[in-house]
Amino acid sequence: QQHYLNARYIPEFNWYLIVEQQDVAAIQDLKHTLWVNLSISLLVTICMLIVANFTLGRYQRRLETLASTDKLTGIYNRQTFEGRLEQVIDIQHRANSPCSIIIFDIDHFKQVNDKYGHLVGDKALKKVAEITRQHIRQSDILCRWGGEEFIVLLPNCDALAALEVAEKIRLGVNQSELNIEGNLLTMSISCGIAQIKTHEILASLLVDRADKAMY
C-alpha cells in the first residue's frame, strides 16, 4: 500500500509532528470534497439563475405593460390598439364575421378641468374607463384614443349589437356620480358606431366612419 506522510516541526516543544494517511482514504476524501463543492456550486448557480430569470421576466412584463397601456386609466393606448385593430380586422375578413367599433367622447370635458382642476378630470377619466369595462366582454378591446376620447373594438359583433353595448355604457356613465368635496359631478358621453364593410381593409377608414358618426 501507499501512504502519505506529512511532517511538521514544533520548535516550542522540539517535536516533530508526523501525520500518516493511506492513499485510498485520501483519494476518497478528495473525491467526496470535490463532489460536495460541485454540488453546492451547482445549487447556488441554479438558484441565482432562477432569481435572475424571475427578476428579468418581471421587469420585462412591467416594461411591456407600460409600453402598451395608458398610464392613467390602465387600458390600451392608441399605438397598441391600432396594431390590435388591424389584426382583428384581418381575422374577421378571413372568417367573414362582423366586427364593430364604438367611439365615445365625454361631453364638455374641458369645463370639468376648468372648474374642478385636472386631478378631478383624471378621476373622471378613470371612472369612465372603469364603467366601460363593466359593460363589455373580455374579448372586447378598450382603448384611450386620446384626451377624453375612448374606443371599444367588438369582434364578432354587428352594428346593432354594438348599439346596445354603447347604450349600456352611455347609461352607466350618465347614472354615475363623482363626489368632489361634497359636490356631485355627473357626466354624459356621445357615441359613434361603425361596422366593418366587406371591402374595407384599412382600419383608419373604420375609425373615421365611427368618428364622423359620433360628431
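Mentor: The lining of the largest pocket consists of Asp107, His108, Gln111, Val112, Lys115, Tyr116, Leu185, Thr186, Met187 and Ser188. This is a predicted model, in which local features need pLDDT of at least 70 and side-chain atom pairs pLDDT 80 or more, while totals for chains, interfaces and linings use all residues. Residues are numbered from 1 along each chain as its sequence is written, and side-chain values use heavy atoms, without hydrogens and water.

The volume of the largest pocket is about 160 Å³, the space filled by probe spheres set on grid points joined across faces, edges and corners. (A pocket is an open set of points on a 1 Å grid over the protein atoms alone, where a 1.4 Å probe fits, with protein on both sides within 12 Å along at least five of seven lines; lining residues have an atom within 4 Å of a point.) Helix H3 (109–116) and strand S7 (183–186) each provide at least two lining residues, and H3 gives the most, with 4. (Helices, H or I of at least four residues, and strands, E of at least two, are DSSP runs numbered from the N terminus.) By residue class, the lining holds 4 nonpolar, 4 polar and 2 charged residues.

Glu82 belongs to helix H2 (residues 78–95) and is partly exposed because its relative accessibility is 35%. (Buried means under 20% relative accessible area, exposed over 50%, and partly exposed in between, with a 1.4 Å probe and protein chains only.)

Turning to charged contacts, the structure has 7 salt bridges. (A salt bridge is a side-chain nitrogen of Lys or Arg within 4 Å of a carboxyl oxygen of Asp or Glu.) One of them joins Asp70 and Arg144, at 3.3 Å from N to O. This pair links distant parts of the chain, 74 residues apart: Asp70 is in the loop between helix H1 (23–68) and H2, whereas Arg144 is in strand S4 (residues 141–146). Asp70 is buried, because its relative accessible area is 15%, and Arg144 is also buried, at 18%.

Glu167 and Arg170 form another salt bridge, with the closest N and O atoms 2.8 Å apart. Both residues lie in helix H5 (residues 159–175), 3 residues apart, which is about one turn of the helix. Glu167 is partly exposed at 35%, and Arg170 is partly exposed at 29%.

Definitions and conventions:
Ala, Val, Leu, Ile, Met, Phe, Trp, Tyr, Cys and Pro count as nonpolar, Asp, Glu, Lys and Arg as charged, and the others, Gly among them, as polar.
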